[in-house]
There are 2 protein chains.
Amino acid sequence: MIIARTLTQLREALDGVSESIGFVPTMGALHSGHRTLIETARNENGCVVVSIYVNPTQFLAGEDLSSYPRKEEADFKICELSGVDVLFYPQTLYGTDEVSVKAPDIRGYILEGASRPGHFDGVLTVVMKLFNSVRPTRAYFGKKDAQQLALITQMVENFGIPVAIRPQETVRESDGLALSSRNVYLNPSQRQEALKLSCALKESTKLVMGGVLSTATITEAMYAILEPLEVEYVAIVNRAFEAISEVVVGDTIVLVAARVGTTRLIDNVWM
Amino acid sequence: MIIARTLTQLREALDGVSESIGFVPTMGALHSGHRTLIETARNENGCVVVSIYVNPTQFLAGEDLSSYPRKEEADFKICELSGVDVLFYPQTLYGTDEVSVKAPDIRGYILEGASRPGHFDGVLTVVMKLFNSVRPTRAYFGKKDAQQLALITQMVENFGIPVAIRPQETVRESDGLALSSRNVYLNPSQRQEALKLSCALKESTKLVMGGVLSTATITEAMYAILEPLEVEYVAIVNRAFEAISEVVVGDTIVLVAARVGTTRLIDNVWM
């Protein structure tokens with residue numbers, strides 16, 4: 001495995017590569033969700049690139065940028081054992097007074113974007129940088145960050161970026177908790193409380209399978225389960241992230257964001 | 001010459017191309033300045049692509065978007081005679097609520113960006129779209145739009161876009177007037193008044209050659225020549241577009257923007 005610490009080293013490592021390049025951008029603190037992305041990239045491509053970069057521009061003031069879990073040694077080992085060809089591990093990707101990417105006026109500032117205004121500008125900016133630098137054939141993202149995935153897909157379409165976006169299923173603990181690097185913030189009782197998110201989503205699936213399609217009814221049932229968590233939003237949207245009044249199977253995403261203690265968790269289910 | 005009217009047609013025209021691609025993005029109303037860009041692209045590349053697109057997002061409310069000169073037939077002929085391989089002539093490049101590019105906070109909002117706030121966001125957004133769609137080896141821009149050129153160069157660096165930017169000298173009428181598609185707005189007496197811009201710039205060069213390096217002194221002399229035009233700015237900056245107090249030959253640009261009647265003209269000289 002080549003470890004590239006600068007853009008120049010990255011291009012040196014990739015410039016001879018004629019095979020397809022599978023790319024998994026991460027912020028490190030790798031878990032089984034990331035491992036699944038890497039394995040899929042490994043299966044589908046001749047060359048696999050993983051980036052580990054805790055991107056400062058997607059954190060808002062007061063968020064957990066400085067405390068975000070960093071596990072360099074374990075991450076390197078996971079990449080090595082997963083057959084990664086090139087690990088891109090830059091110190092920084094930004095200079096001063098830079099050109100940036102701006103998320104769409106509406107879709108980028110609802111839900112996660114309303115709770116974290118400017119977050120998606122930072123996400124799209126760093127992904128644009130990484131796509132131009134790695135120039136992957138395919139890029140792999142988890143469905144857990146559903147809105148991020150939708151916006152990156154939109155950016156690729158809006159700008160005609162030559163990469164195929166490959167969304168992958170959310171990986172969960174056996175009890176249903178969606179894997180997240182931020183789960184390490186939870187103490188044992190909070191870990192138990194956090195299950196309310198996946199339980200509420202399971203309930204939404206159960207209701208839809210039972211023929212209940214009204215999003216108002218489903219939302220109400222989910223809030224009842226989420227209590228007494230501090231819920232930021234429950235949203236039922238179509239794939240374009242527009243609010244809908246009735247679930248349409250094949251074109252619906254149910255999303256939830258809530259705080260457990262001080263830890264902010266998100267989860268969703270695609271129907 | 002292939003005329004591609006959609007992104008799909010553009011990619012169809014280019015996907016087999018193994019030679020280097022030289023790209024000249026324009027808003028049409030082609031003049032000798034554009035012709036020089038196209039000829040240089042022709043000399044340096046196996047395949048030449050020209051785009052003609054009056055990009056709405058770089059015009060501000062109240063500007064000349066609807067009246068901007070459009071000369072489809074003449075433009076097509078110029079491209080054909082200049083040996084252009086692919087002319088990209090799209091109807092629109094935008095959908096609704098799109099991801100966009102944002103110019104740097106400082107450098108994108110001074111000078112032209114102060115007079116036309118948001119203008120460079122629109123320029124960078126469309127150039128990013130065009131670069132991703134055409135995927136050129138080299139792209140050609142005139143030095144007349146100096147700040148635009150600097151920001152596009154910065155965007156390419158900030159995002160690691162794999163294209164070489166090739167700045168070309170401003171082309172002038174024999175009396176010194178910089179060629180511009182907007183010169184058609186000038187009546188004969190305004191055409192004469194417009195010479196004050198290039199005269200003021202010539203004076204700045206003369207002063208520097210005579211050993212006067214103080215930017216305050218040079219600016220004062222230029223204002224005297226520009227009178228009674230409505231001057232928007234006279235600026236003397238380094239290549240990074242930072243204000244300087246003394247000219248450094250090899251790292252200085254002198255810029256002027258002024259109105260002649262209702263027509264806004266810009267010009268500059270690189271020292």
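1. In this predicted model, the domain assignment divides chain A into domain 1, covering 2–168, and domain 2, covering 181–266. The centres of domain 1 and domain 2 of chain A, taken over C-alpha atoms, are separated by 26 Å.

2. Where the two domains of chain A meet, 12 residues of domain 1 are in contact with nine residues of domain 2. On the domain 1 side of chain A, the elements that give two or more residues to this meeting are helix H4 (112–115) and helix H6 (146–159), and H6(A) gives the most, with three residues. By residue type, that side of domain 1 divides into seven nonpolar, three polar and two charged residues.

3. How do the copies meet, and through which surface? Because 100% of the interface residues of chain A are also interface residues in chain B, the copies meet through the same surface.

4. The largest nonpolar core holds 134 residues, of which Leu124(A), Val256(A), Leu124(B) and Val256(B) touch the most other members. Leaving aside residues up to four places away in sequence, Leu124(B) touches Val101(B), Ala103(B), Leu151(B), Ile152(B) and Met155(B), together with Val99(A) from chain A. As a general background, nonpolar side chains tend to be buried together in soluble globular proteins.

Methods
Residues are numbered from 1 along each chain as its sequence is written. Chains are lettered from A and ligands numbered from 1 in the order in which they are written. This is a predicted model: local features need pLDDT of at least 70, side-chain atom pairs count only at pLDDT 80 or more; totals for chains, interfaces and linings use all residues. Two residues are in contact if their C-beta atoms, placed from the backbone, lie within 7 Å. A nonpolar core is a set of buried Ala, Val, Leu, Ile, Met, Phe, Trp, Tyr and Cys residues joined through C-beta atoms within 7 Å. A residue is buried if 20 or more other C-beta atoms lie within 10 Å of its own, exposed if 12 or fewer, and partly exposed in between; C-beta atoms are placed from the backbone. Domain bounds come from an automatic or database domain assignment. Helices (H or I, at least four residues) and strands (E, at least two) are DSSP runs, numbered from the N terminus. Ala, Val, Leu, Ile, Met, Phe, Trp, Tyr, Cys and Pro count as nonpolar, Asp, Glu, Lys and Arg as charged, and the others, Gly among them, as polar.
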